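Work through the exercises below with the sequence and the model open. Each task is followed by a solution in steps.

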Amino acid sequence: MNDSPLSVVGRRVRSLRSARRGPARYSAFDLVRRGALGKDWPRSFTQPDLKSSYDAVIIGAGVHGLATAYYLAANHGMTNVAVLDKAYIGGGGSGRNTAIVRSNYLTPEGVRFYDRSVKLYENLAVDLNYNVMFSQRGHLTLAHNDSSLRTMRWRAEVNKLQGIDSEVIGPDHISKLVPYLDVSPEARYPVLGALYHPPGGTIRHDAVNWGYARAAEHMGVHIHQYTEVTAIHVEADRVTGVSTNRGDISAPVVVNCTAGWASTVCDLAGVRLPLITHPLQAAVTEPVKMFLHAVVVSGSLHVYVSQTDRGELVFGASVDPYPSYSMRGSLEFTEELAGHVLELMPSIAKLRVLRQWAGLCDMTPDYSPIMGVTPVDGFLLDVGWGTYGYKAGPVAGEAMAELVATGKTPEIISSFDLARFAEGRLVGEKGAAAVGH
Amino acid sequence: MIRIPCPHCSARNSAEFRHVGEAAPRPDPSTATPEQWRVYLYERSNPAGWTTETWFHTMGCRRFISVERHTVTNEIRSARPVGSTGPGPAEALSARGDAGSPDAGGQA
Amino acid sequence: MIGTASRRLPAQTGELVDRSRPLTFRWDGRDYEGLQGDTIVSALLAGGVDVFSRSFKYSRPRGVLSATFVDPGCTVQVDAEPNVRAAHRRLAAGMDVRPQNVWPSLRFDVKAANGLVGRFLTAGFYYKTFIKPQRLWPAYQQVLSRFASGGVTSRQNVHGYYDKRYVHVDVVVAGAGPAGLAAAVAAADAGCSVLLVEEEYELGGHLRYSGEASLSMLSELRAQVAARPSIEVMTDSVVTGRYDDNWVAVMQRDVGGAIERLVKVRAGVLVAAPGLIERPYVFAGNDLPGVMLSTAVRRLINLYAVKPGERAVVLTANADGDAAAADLTRVGVDVVRVLDGRAGETIRRATGRGRLQAVELEDGTVLPADLLVTATGWTAPTSLINMAGDRPVWNPTAARFVPSGDGLPPTVLATGGLVGDGSTEELIAHGRAVGALAGDRAEGRAGGSVPELAGEPHPAMFRASTHGFVDFSEDVSSKDVVAAAKEGYDSSELVKRFTTATMGPSQGKLETINTIAVLSEATGRGIEDLGTTVWRPPYAPISLGALAGRVFEPTRVSPMQSWHEEHGAVPLLAGQWIRPDHYGAAAEEARNVRENVGIIDVTPLGKLALSGPDVPKLLNLVYVNKWSKLAVGSVRYGVMCAEDGVVMDDGVTGRLDEHRYLMSTTSSGAATVWEWLENWLQTAHTDWQVHVTPVTTAYASINVAGPKSRQLMQRVVEGVDLSTEAFGYMKVRQGRIAGVDDCVMWRIGFTGELSYEMHVPASYGLHVWEALLEAGDDLGIQAFGVEAQRILRLEKGHLIVAQDTDGLTRAHSAGLGGMVKLDKDDFAGKPELAWHERDALATAPRLVALQPEDPSAVPPEASQIITADGGILGRITSSRMSPTLGHGICLAQVDPAVAAPGTVVTIRLPSGSDITATVREDLAFVDPEGVRLRA
Amino acid sequence: MWTRKGCVCVPETWTPVARSAITVPGPRSVVDGWEVSTRRSSAALRLSDASPLAKVSVRADPDGALAHALGVRFRSSHRRDGILVVGSGPGEWLLVGGVGAAHQIAEQVRGLAAGDFVTAIDVTHGRALMRLTGRDASRALSKVCAVDLSDAVTPEGAAFRTSVAKLTTDVVRDDAGAGTGEPSYLLHCERSSGQYLFECLLDAGMEFGVEPSGPTVDGGGA
């Protein structure tokens with residue numbers, strides 16, 4: 001790898017200290033001070049001019065792309081980096097997901113990976129000086145039959161061996177945590193137990209996106225909104241740059257951090273992927289006073305629900321039953337969702353759905369992402385995030401930054417390589433993702 | 001609810017059908033290399049545009065049909081009985097077959 | 001106390017209230033009286049109440065703004081129902097109406113103190129504080145979440161009756177104002193079936209409250225609708241969404257015994273005619289009770305005969321504002337000043353404590369008033385056509401976003417105020433032309449071009465010289481929008497997300513244009529450049545109850561279900577099936593099978609009748625083992641793998657005669673296997689002569705197991721020689737059981753005992769079941785459930801697909817490697833299994849039987865098998881206490897390193913303690929030689 | 001009570017009783033070997049159990065000899081000699097006849113096949129069959145069925161398979177079979193879900209005053 005463009009870039013490491021020019025400080029004190037003085041806050045992000053060359057180009061200004069840029073600057077001092085997005089910051093999956101964070105996966109490699117992400121999320125507000133409102137309110141995955149209860153226990157046992165707080169609890173305990181749940185044995189889908197994961201919870205997704213963007217930009221990263229990549233240039237199996245609607249950029253490294261458009265972007269570089277893009281829909285109700293304090297997931301009923309601090313219930317479900325790039329949403333989604341929610345909580349029939357929306361999910365055959373190198377040198381992937389991309393934003397960014405800066409694939413993502421499909425080494429998360437989010 | 005113009009039953013709501021997948025020809029099992037076989041199992045064009053895919057009319061005629069659909073607008077411009085050169089049944093039950101149905105196997 | 005009706009006006013032409021029918025209701029704990037036809041709000045206003053809620057963030061008192069469904073200050077709790085739109089909901093006798101979002105009371109609310117520190121609680125303030133120390137964030141969050149607005153739910157609330165209906169219609173008209181009514185009539189006259197949907201309780205839109213000339217035109221239009229039976233009218237109903245292929249959702253309230261009904265319409269053509277929504281004006285104090293829109297005033301006076309104030313200032317920039325001023329004067333309100341926005345006149349701010357007391361003009365003049373009416377422009381609710389693909393464009397002349405007309409499929413049209421302006425006659429003419437075109441298109445005729453309706457010039461009035469609220473329900477002011485833009489949240493999407501403007505209950509219907517106008521002012525970019533955000537469904541909020549409708553969760557039961565219920569069966573839900581798990585004592589049921597004879601209802605077992613000369617080819621293709629030589633009268637066990645080599649299903653298939661076979665599958669795999677077979681036959685081997693017919697529930701299936709089962713069978717079976725020699729293990733016979741013909745019996749043994757599985761024509765299932773129990777009474781027969789069967793099969797070491805295997809288990813890892821016949825030409829999954837056998841056998845997990853050293857120990861299923869340092873070597877897939885052997889028995893998937901017989905492994909229990917267990921020689925714990933099975 | 005007949009023990013008194021998957025309230029008696037409710041409704045909308053009728057599933061080449069002999073294409077139906085022939089799928093038919101006639105019908109079908117590859121299977125016991133009759137039958141059914149039931153799209157004799165209350169169901173518009181001049185639908189589904197479908201239809205018909213009724217077993221009732 002000595003003469004790979006990755007290591008060339010890696011040598012351009014600047015001093016970490018010089019890269020850290022802190023943005024305006026956020027604190028209660030500053031809030032009061034500026035309020036009292038009537039002083040405006042400075043801009044968090046700007047629209048810089050597009051340079052003709054960067055050390056690395058990241059496609060997609062969602063949480064993955066922004067985190068990659070942030071950790072490149074913060075951990076590796078690499079700041080001559082552009083993040084390109086065809087729309088606005090966090091406008092794709094990063095702004096459309098239901099912002100659930102957890103680490104109770106099924107395989108040891110999955111657990112380790114997502115646990116690192118939870119740990120990064122726990123410190124993110126301080127790291128970014130931006131309150132991302134991580135609310136570790138507890139995460140419950142309900143089991144309605146014995147086979148799903150067995151899988152819950154499987155996850156709990158693997159989790160415990162990795163040091164993750166996760167256990168199977170019974171209906172009485174569930175009822176205490178979520179009194180609105182119908183746990184009666186007569187229910188059509190009786191609640192036999194649940195996988196309880198106390199550190200799981202929700203986060204304010206926009207705040208994470210903006211916090212990363214703000215911090216990265218203040219270290220010198222260029223974030224280009226409304227800048228669409230129209231071509232990826234490859235010469236002799238090596239990436240050389242991209243074309244955009246605002247001009248051409250030469251770069252020795254291009255990272256595909258898109259969701260929903262991962263196949264389309266890879267087509268530009270001639271790399272084929274094992275992805276199928278499905279819409280994933282969500283909906284939100286009108287606010288009511290707080291009554292639901294944990295995140296509740298039912299795999300059998302394809303639904304997950306949590307209540308925001310604003311009092312709205314936020315619902316999600318499984319991906320749509322057929323692939324599509326449509327984000328228009330469907331009526332049948334809300335119908336199924338409502339039916340299933342009322343199976344769980346019959347007393348909230350009068351709550352009204354206020355808005356539904358959809359995001360796009362690139363599903364892989366084994367419910368695990370595709371991260372790392374491709375047959376095109378310098379063209380890197382951080383794609384295939386299915387329905388679980390948001391949870392992994394920080395760790396994916398940290399690992400991709402390391403790969404870009406050092407040219408070496410970090411161990412924590414080594415099992416998620418693209419080659420595993422051709423070599424028949426699928427990751428064993430196949431079951432877990434079908435169950436919950 | 002999109003409508004699929006079933007060539008046998010007339011137009012019906014998509015909820016009556018199961019999406020089987022993008023047409024993917026089955027390689028000759030006696031000569032296929034692992035790479036070729038896994039392209040058949042896993043790799044998909046996944047276009048943002050027109051695609052030819054197989055649907056199964058689960059709650060109607062129980063026929064496999066071949067549908068040309070635009071994946072951005074969901075517009076359908078043709079639906080035909082699946083031909084004998086149609087897709088091998090790779091996706092039907094491989095990894096993604098029961099993605100939406102955790103109770104389908106022991107993986108729930 | 002009955003509230004005084006001091007603000008009720010004398011009878012108004014066109015009023016909706018019925019003065020002969022007073023209704024008593026409660027508001028905030030006191031009794032009030034309103035009239036039939038009142039909304040909750042009109043009744044309260046008539047009774048002297050003008051504050052209905054407090055705002056979300058600053059807890060400011062709020063009253064009437066628009067007097068429509070989207071009025072942000074008029075959301076109340078009615079009985080158990082939160083968030084009722086009180087300016088829309090009709091009053092009913094006995095309603096218990098309460099204010100929301102107040103603590104401890106509407107008059108005195110402690111959160112109102114927030115208003116004082118409002119300058120610090122700018123939009124997004126929470127992103128900038130509570131960061132350190134992190135451990136306090138949960139406590140901060142508790143406080144923040146107390147601010148959650150909205151009503152309350154109760155666990156005691158009952159679900160209620162909601163249902164659905166499907167409708168197929170040529171034309172749906174959404175909105176029954178003048179244009180919508182005319183469109184419906186014209187479409188009907190073009191020969192179409194029409195569904196006309198109106199959000200309010202009566203047809204007519206603004207014609208209802210716009211004077212006598214309008215009313216007479218309205219009565220003519222209503223008569224035309226009534227005269228056309230091909231028009232179905234739904235009032236108090238709303239088109240909530242337009243989805244792909246003109247799938248139109250209509251929410252109909254209070255119909256056919258249902259609280260709400262979701263009507264799902266497949267529409268030929270959708271005509272959107274929602275009219276216009278009046279836009280609030282932004283200025284300091286614009287949320288004070290007493291500040292109203294001109295249409296609110298006209299509704300209150302003309303529909304409900306309520307006097308909206310005593311002393312009014314009117315700011316008007318259009319004819320509706322002028323008409324409101326005239327209405328006010330007519331009913332005796334003192335209109336102290338009319339300011340003309342068209343002439344550049346405006347106001348500076350509104351002031352008052354708790355409600356409007358004075359209006360300050362630009363020149364500093366202060367006019368005492370209790371009513372300020374604004375008429376500064378409109379919002380076109382482009383929601384439905386936006387959902388259909390249209391991206392609205394800014395029309396600077398009309399000062400609102402209008403449909404672009406591009407991107408709409410021919411099946412969606414728009415008319416009325418949504419499109420442009422005009423006199424009532426012009427609106428009706430446009431509606432008629434669009435209705436006729438809709439009729440043409442629905443009938444497959446080309447029709448003409450889409451008729452135009454120009455936008456009238458309107459001054460672009462958004463904000464006075466002071467800052468005020470752009471979003472009342474979210475408490476977002478224009479100052480917040482400006483501040484957000486300065487921080488870089490300067491696109492319409494980012495500003496929405498950062499400030500939460502437009503994200504409240506009215507979803508931007510009142511707020512969008514003002515937000516974008518202020519953003520335009522702050523950034524210097526034109527409104528047309530910033531564009532509007534995408535409108536998402538639903539157009540109006542829709543209850544979970546209506547979306548869910550009746551619960552349609554198909555369930556399946558066997559013909560013996562009534563017997564099971566009468567005999568105390570504890571139900572087990574397995575997919576759609578409801579089955580007996582046990583009848584009280586599973587271990588006892590299992591022991592009885594080993595000692596005597598038991599019967600179990602296995603009807604859910606998937607069954608497919610295969611017929612045709614090419615069945616063996618199909619079997620060879622879908623199973624990994626060989627089938628060409630299966631003799632008539634024999635059954636064979638088979639394993640199916642998917643194309644990736646992963647175990648998919650298993651079962652036995654018997655050959656009944658030359659061309660007739662019966663295949664069994666797992667219960668959960670029945671539908672999948674059927675489709676799998678059809679897939680091969682329809683897409684790959686269309687020339688094969690095979691018919692597959694599902695017969696799962698054509699037969700009641702009963703397994704008779706135990707050493708005395710032959711004895712029992714001899715008492716009930718006719719015409720079949722049951723001796724070992726004549727009907728041996730893995731054979732199939734057909735005959736008569738308990739007088740029932742056409743039964744199939746096969747000798748197989750999932751339980752490990754001598755056993756017959758009989759498939760009886762389902763209508764006779766209960767008869768045969770009862771006959772067996774009667775005939776076996778002296779043999780000690782007992783019914784056994786699924787749990788006993790699981791114990792018995794585990795004692796025998798028989799695996800269950802998807803329990804002892806998982807989504808990556810190849811046949812070899814399930815102990816089935818020996819069945820895989822790679823010398824067959826082809827079968828599903830063959831290449832993967834071949835490579836697996838060549839490359840991966842040494843490293844792939846193995847299925848083994850484990851016996852815990854402590855005989856009382858039964859490690860729960862999914863317990864992990866671990867290394868000394870906590871690494872994972874495998875897991876327990878099945879475990880039970882064996883009633884036959886008196887110790888724990890397990891199957892496990894383990895790493896090959898610990899798969900050798902005699903290896904001692906460590907199992908981590910869920911409790912955290914460890915036990916040890918030994919790998920056994922054979923998967924079977926009981927009768928590994930199969931003597932009992934073959935008896 | 002046990003009599004020896006060779007090596008097989010068979011009591012002399014087996015009188016098999018067939019039971020429908022659908023339970024209709026009311027007094028019960030055994031008619032033609034079926035235990036049925038004798039309740040008869042005269043409400044404006046009636047839902048009756050018709051499960052005892054013989055049902056034979058037939059598969060054959062859609063353009064072959066049998067298809068020609070049956071004379072019924074997919075999506076239509078036709079009544080001949082008391083047997084209702086339903087074109088229930090491409091190359092697939094369902095024949096409904098009098099109670100106990102399944103074997104005879106299947107034999108007739110095989111006779112018509114003229115040597116072609118044909119499968120005829122008695123599914124009498126594998127299916128639940130019910131009939132919804134009355135002026136509001138279409139309106140009631142349209143609450144649980146998304147197919148357009150207007151006369152133009154679903155005329156007398158129309159047959160189709162679709163989702164009814166989320167269950168795969170075969171539907172035949174068969175006013176003639178009811179013989180009352182009112183709209184009438186025959187619906188059949190897998191036996192195990194028969195009670196479920198029956199209850200869903202009763203629920204959908206509630207606002208039209210639907211009442212359940214015992215089996216129509218008069219042969220021509222198909």
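The exercises concern a predicted model.

**Exercise 1.** Decide whether chain C is a compact globule or more spread out than one.

Solution. Start with the secondary structure: chain C has 22 helices and 48 strands. Next, take the radius of gyration, which is 38 Å for chain C. The globule rule gives 30 Å for 935 residues. The value for chain C is well over that, so chain C is more spread out than a compact globule. Finally, look at the box along the principal axes: the C-alpha atoms of chain C fill roughly 110 × 70 × 60 Å.

**Exercise 2.** Describe burial, contacts and surface in chain C.

Solution. Begin with burial: 65% of the 935 residues in chain C are buried. Then turn to contacts with a separation of 6 or more; 65% of them join residues 24 or more positions apart. For the surface, chain C exposes about 30700 Å², with 51% supplied by carbon and sulfur atoms.

**Exercise 3.** Classify the ring pair Trp394(C) and Phe401(C) as stacked, tilted or edge-to-face.

Solution. Over all chains there are 38 aromatic pairs. In the pair Trp394(C) and Phe401(C), the ring centres are 4.9 Å apart, and pairing requires centres within 6.5 Å. The planes stand at 70°, and over 60 degrees counts as edge-to-face, so the pair is edge-to-face. For burial, the cut-off is under 20% relative accessible area. Trp394(C), at 12%, is buried, and Phe401(C), at 5%, is buried too.

**Exercise 4.** Name residues of chain A and chain C that ring pairs link into a cluster.

Solution. From chain A, take Tyr26(A), Trp41(A), Phe45(A), Tyr130(A) and Trp210(A).

Conventions:
Residues numbered from 1 in each chain as written. Chains lettered and ligands numbered in written order. Predicted model: local features only at pLDDT ≥ 70, side-chain atom pairs only at ≥ 80, totals over all residues. Heavy atoms only, no water. Helix = DSSP H or I, 4+ residues; strand = E, 2+ residues; numbered from the N terminus. Rg over C-alpha atoms; globule rule 2.2 N^0.38 Å. Buried < 20%, exposed > 50% of the residue type's maximum accessible area, 1.4 Å probe, protein only. Contact = heavy atoms within 4.5 Å. Areas by Shrake-Rupley, 256 points an atom, 1.4 Å probe, with all protein chains shown as cover. Phe/Tyr/Trp six-rings, centres within 6.5 Å; stacked < 30°, edge-to-face > 60°.
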